[in-house]
Amino acid sequence: MAGTDTNVRSQVNTIVDIKPCTIVVMSTFGDRVRAERIAQGLSYQELADRVSIAAGVKCPRVTITKIEDRASEASKWSPAIAAALKVDHDWLLTGKGQKNIAASIDKRLKRLERIKPDAVERLHRQINVLIDDEESSQLH
């Protein structure tokens, strides 16, 4: 009987020993910037350097810190931050829609096709010309 009690306690302890999970709410622009920076393993400076390249203007490290710490929903740096993090700008600002840039572009192309079908065909032709130009410049 004593051996049975030990087995029951062992099973109960195993069941009771469940660890709680933490839920992170990304309610602001700054929260989403911080979460993406951390998820990509970037320091404040590394993100600032990438933002500088995307914006074509120096972005100080402290700017990233301030953006992450504020509860603001926008920044003049937001388009460059989205580009640097390779996420959709609208998602970064609002938390809504597709985070993935490619999915967002596909969605926008479908919307454009409903509005103006010939515009999508023109874009396809322009993209093909751009790719052909890039390929030929790499050969020379």
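The model is predicted, so local features need pLDDT of at least 70 and side-chain atom pairs count only at pLDDT 80 or more, while totals for chains, interfaces and linings use all residues. Residues are numbered from 1 along each chain as its sequence is written, and side-chain values use heavy atoms, with hydrogens and water left out. The protein has eight helices and zero strands, and buried residues make up 24% of its 140 residues.

**Fold and terms**

- Along the sequence, the pattern reads α-α-α-α-α-α-α-α.
- Helices (H or I, at least four residues) and strands (E, at least two) are DSSP runs, numbered from the N terminus.
- Buried means under 20% relative accessible area, exposed means over 50%, and partly exposed lies in between (1.4 Å probe, protein chains only).
- Accessible areas come from the Shrake-Rupley method with a 1.4 Å probe; for residues, only the protein chains shown count as cover.

**Salt bridges**

- The structure holds six salt bridges, each defined as a side-chain nitrogen of Lys or Arg within 4 Å of a carboxyl oxygen of Asp or Glu.
- Side chains of opposite charge can pair when their charged atoms come close.
- One of the salt bridges joins arginine 34 and glutamate 68, at 3.5 Å from N to O. This pair links distant parts of the chain, with arginine 34 in helix H2 (residues 29-39) and glutamate 68 in helix H4 (residues 61-69), 34 residues apart.
- Arginine 34 also forms a salt bridge with aspartate 69, where the closest N and O atoms are 2.8 Å apart. Here too the pair links distant parts of the chain, helix H2 and helix H4, across 35 residues.
- Glutamate 68 counts as buried because its relative accessibility is 2%; aspartate 69, at 55%, counts as exposed; and arginine 34, at 24%, counts as partly exposed.
- Within helix H8, aspartate 118 forms a salt bridge with arginine 122, the closest N and O atoms being 3.2 Å apart. The two residues are four apart in the helix, so about one helical turn separates them.
- Salt bridges that share partners join Arg34, Arg37, Glu68 and Asp69 into one network.

**Aspartate 88**

- Aspartate 88 sits in the loop between helix H5 (78-85) and helix H6 (89-94).
- This aspartate counts as buried because its relative accessibility is 8%.
- A polar atom of the aspartate 88 side chain lies 3.1 Å from the backbone nitrogen of aspartate 90.

**Surface patches**

- Patches are made of residues with over 30% relative accessible area and no salt bridge; like charges are joined within 9 Å, and nonpolar side chains (Val, Leu, Ile, Met, Phe, Trp, Tyr) within 5 Å.
- Asp132, Asp133, Glu134 and Glu135 gather in a patch of negative charge on the surface.
- For charges, Lys and Arg count as positive and Asp and Glu as negative, while His and the chain ends are not counted. The place of a charge is taken as NZ of Lys, CZ of Arg, CG of Asp or CD of Glu.
- Glutamate 135 belongs to helix H8 (residues 117-139) and, at 47% relative accessibility, counts as partly exposed.
- Leu123, Ile127 and Ile131 form a nonpolar surface patch with about 230 Å² of accessible area together.
- Isoleucine 131 is placed in helix H8, and its 40% relative accessibility makes it partly exposed.

Definitions and conventions: A polar contact is a pair of N or O atoms within 3.5 Å; within protein, one must be able to donate a hydrogen and the other to accept it, and residues adjacent in sequence count only if both atoms are side-chain atoms.
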